[in-house]
Structures are given as structure tokens and as C-alpha cells.
Amino acid sequence: MSKLACGCPGSQVRTVEAKETANAEQTGRLQSELRQWPTQLHLVPPSAPWLQNADLLIAADCVPFAYAEFHRDFIKGKVLVNACPKLDDTSPYVEKLTEMLRQNDIRSLTVTIMEVPCCRGLAMMAQQALQASGKDIPLEVVVIGVDGERRN
């Protein structure tokens, strides 16, 4: 495996194939619905092939920890990028999301955030990117409570 410009082979863009396994009813274990790598917004290039014709999910980093059915209810059938609007350097995020939307035929955009005030920034960035892209893409913002319950 060759090194990328960033020096981390773990940043290599790749598709994750679904495994043929027994279903959760038989094993008691849920199957991951993640179908691409990387997921961190800083690492995802706007030209990643799996963005084309995708239903894009932008998730705040804490949401999968708080919402137990995150894979089943949100990732399944979508392409995931994740970020933290409080701890990340978010300065390139609007531009990067805008380019993702411009360069690809994104079918829908879902943003999952926590109910805490700092998380609203991620939804605002997605809205700004959508407006800057000039595209008419359905946008849904889903708010998750710190108790793990969906607020809307």
C-alpha cells in the first residue's frame, strides 16, 4: 500500500463491501451499515467515487454514541461524513461541503446533530454549503437529545 500525500495509509479512499452474515435475529449482533472509508470530513475528498448519486449523511461526532440505532436508522443506504463543530478546525468545512455538492449528483442531504448549542453549527454549515452549491437538494436536520432520543 502506497503512502498518500498526508502520510497516512488509513486515509485511502475505499469502498467497504457488505458481508454475507447471519441476520441480527439469529446472532443478536447488528451488522455495520458503513460502506465507505474515510468518514471524517477533513479526510473525504470531494471527488470520492462513492459520493456520486449518494444520499449524503453529515453526522456530528457524538450522535452515533448517543443514538443506539444510528447504523440502522441513518447510515443504511447513505454515504457518511462526520465532524465536530466544536472541536474541529471547521474553517474549510463550508467550502469542502459545497464542492462535494457541486461535483456530485447528491440525491439528499441529512444532518444529524445533538441538541447542544454547539452542534447547530454543523447544520448551519450544511445549509450554507447547499445554498452556495446552487443546487436544489432535499435537506433534513435531525436533532438527537443527550438522552439518546430523537427530538424531531
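Two strands are said to pair if DSSP finds at least two bridges between them, where strands (E, at least two residues) and helices (H or I, at least four) are DSSP runs numbered from the N terminus. By that rule, strand E5 (residues 108-114) pairs with E6 in the parallel sense over 6 bridges. This is a predicted model, in which local features need pLDDT of at least 70 and side-chain atom pairs count only at pLDDT 80 or more, while totals for chains, interfaces and linings use all residues. Residues are numbered from 1 along each chain as its sequence is written, and side-chain values use heavy atoms, with hydrogens and water left out.

- The open sheet has 4 strands in the order E4-E3-E5-E6, with parallel pairing, and its edge strands, E4 (79-83) and E6 (139-144), each pair on one side only.
- The twist from one strand to the next averages 20°, with axes fitted as lines to C-alpha atoms, for helices over the stretch in contact, and angles running from 0 to 180 degrees between N-to-C directions.
- Valine 111 stands opposite valine 141 in E6.
- Helix H5 (residues 120-133) lies across strands E3 (55-60), E4, E5 and E6, and runs at about 160° to E5.

**Lysine 96**

- Lysine 96, placed in helix H4 (residues 93-103), is buried and has no salt bridge; buried means under 20% relative accessible area with a 1.4 Å probe, protein chains only, and a salt bridge is a side-chain nitrogen of Lys or Arg within 4 Å of a carboxyl oxygen of Asp or Glu.
- A polar atom of the lysine 96 side chain lies 3.0 Å from the backbone oxygen of leucine 41, and the backbone oxygen of histidine 42 lies 2.8 Å from a polar atom of that side chain.

Technical notes. Buried means under 20% relative accessible area, exposed over 50%, partly exposed in between (1.4 Å probe, protein chains only). Lys and Arg count as positive and Asp and Glu as negative; His and the chain ends are not counted. A polar contact is a pair of N or O atoms within 3.5 Å; within protein, one must be able to donate a hydrogen and the other to accept it, and residues adjacent in sequence count only if both atoms are side-chain atoms. Contact means heavy atoms within 4.5 Å.
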